[in-house]
Amino acid sequence: MTLSANSVRWNRGGSLVVDGVTLDPRPGDMVGLLGPNGSGKSSLLHLMCGAVKPTSGMVSLDGEDLTSLRRRDIARAVAVVSQHADTDIDISVHDVVRLGRIPHRGTFGGDPTRDASAVDAALAHTGLSTKAERKWHMLSGGERQRVQIARALAQEPRELLLDEPTNHLDIHHQLEILALVARLPITSVVALHDLNLAAMFCDQLLVMKQGRVVAAGRPTDVLTEELIANVYDVRARVSTDETSGRLFVRFEPGPVTDLRVDSVCASGVQ
């Protein structure tokens with residue numbers, strides 16, 4: 001079992017921002033959430049982590065309704081990496097990562113040995129062991145994202161939700177961050193804008209438009225010229241690299257009228 005959403009709807013302030021979305025990742029998969037701004041990607045992630053309750057439908061963890069679980073229990077299984085993270089406190093990398101152990105602390109504190117081991121492992125996994133004592137404000141944007149992923153890993157989660165983790169990063173750090181996430185032995189759901197990066201790293205894609213799922217499945221099945229025109233209102237040419245077998249999307253100027261389709265098959269990730 002894993003974290004999943006079944007026909008979830010969320011009405012926020014009178015607007016339906018998530019409309020009947022089903023997402024059921026295979027354990028260990030990296031699922032990319034795609035769609036233009038305002039399509040509902042971030043809202044779906046808020047529902048998936050239990051930050052908000054769906055108006056209808058259900059988000060479940062190991063088959064149990066997320067709304068019936070304690071926040072601490074959810075945090076022990078599900079970690080979240082947001083778009084932006086900052087602080088006015090002069091805090092070290094080690095101390096940021098150690099925040100990930102909070103869900104494992106009880107009334108009388110946690111297990112110091114296990115906490116230290118989890119933090120050390122998270123730092124090592126993200127290549128930050130030598131930067132543990134550096135201050136947050138001395139880090140580059142890419143390093144800060146790695147620290148946030150390390151903090152999430154220190155929670156020892158089974159599920160990782162990331163909201164545009166490569167936003168505002170240069171291409172080197174975009175590749176570095178997504179390669180790191182792809183190597184993790186856990187299930188991850190990642191909201192992305194770059195279609196080529198999604199095709200390169202994700203096992204499955206779920207494409208949203210106006211709160212609804214318009215396509216889901218493997219990148220080679222989902223990223224078609226027709227879908228890109230329908231969802232993003234741009235013209236694109238999709239090809240496959242003969243050596244790697246990877247999909248490549250090349251955007252082109254010009255009208256997209258002749259590429260539009262009336263509807264695109266909607267389904268959940270299976």
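This is a predicted model: local features need pLDDT of at least 70, side-chain atom pairs count only at pLDDT 80 or more; totals for chains, interfaces and linings use all residues.
I will start with the whole chain. It has nine helices and twelve strands. Along the principal axes, the C-alpha atoms fill a box of roughly 65 × 40 × 35 Å.

Next, some totals. Of the 270 residues in the chain, 49% are buried. The accessible surface is about 13000 Å², and carbon and sulfur atoms account for 50% of that. If we take contacts between residues at least 6 apart in sequence, 65% of them join residues at least 24 apart.

Now the inside. In soluble globular proteins, nonpolar side chains tend to be buried together. Here, the largest nonpolar core has 51 residues. Which of its members touch the most others? They are Leu34, Val97, Val147, Ile149, Leu160 and Val207. The element that gives the most to this core is helix α5, residues 141–154, with six residues. Another core lies apart from this one; it has 28 residues, including Ala5, Met48, Ile74 and Ala216.

Let me stay with Val97 for a moment. What does Val97 contact, once neighbours within four places in sequence are set aside? The list is Val119, Ala122, Leu123, Val147, Ala150, Arg151 and Ala154. Val147 is on that list, and Val147 was also among the core members that touch the most others.

Moving to the surface, there is a nonpolar patch formed by Ile171, Leu175 and Met200. Together these three have about 240 Å² of accessible area. Leu175 sits in helix α6, which runs over residues 171–183. Is Leu175 buried or partly exposed? Its relative accessibility is 33%, so Leu175 counts as partly exposed.

You will find Gln83 in the loop between β6, residues 78–81, and α3, residues 93–98. Buried means under 20% relative accessible area; Gln83 has 22%, so it is partly exposed. Beyond neighbours within four places in sequence, Gln83 is in contact with Ser42, Gln145, Asp163, Glu164 and Asn167. For a distance, take Thr55: Gln83 and Thr55 are 28 residues apart in sequence, and their C-alpha atoms are 25 Å apart in space.

That is the end of the talk.

Definitions and conventions:
Residues are numbered from 1 along each chain as its sequence is written. Side-chain values use heavy atoms; hydrogens and water are left out. A nonpolar core is a set of buried Ala, Val, Leu, Ile, Met, Phe, Trp, Tyr and Cys residues joined through side-chain atoms within 4.5 Å. Buried means under 20% relative accessible area, exposed over 50%, partly exposed in between (1.4 Å probe, protein chains only). Helices (H or I, at least four residues) and strands (E, at least two) are DSSP runs, numbered from the N terminus. Contact means heavy atoms within 4.5 Å. Patches are made of residues with over 30% relative accessible area and no salt bridge: like charges are joined within 9 Å, nonpolar side chains (Val, Leu, Ile, Met, Phe, Trp, Tyr) within 5 Å. Accessible areas come from the Shrake-Rupley method with a 1.4 Å probe; for residues, only the protein chains shown count as cover. A salt bridge is a side-chain nitrogen of Lys or Arg within 4 Å of a carboxyl oxygen of Asp or Glu.
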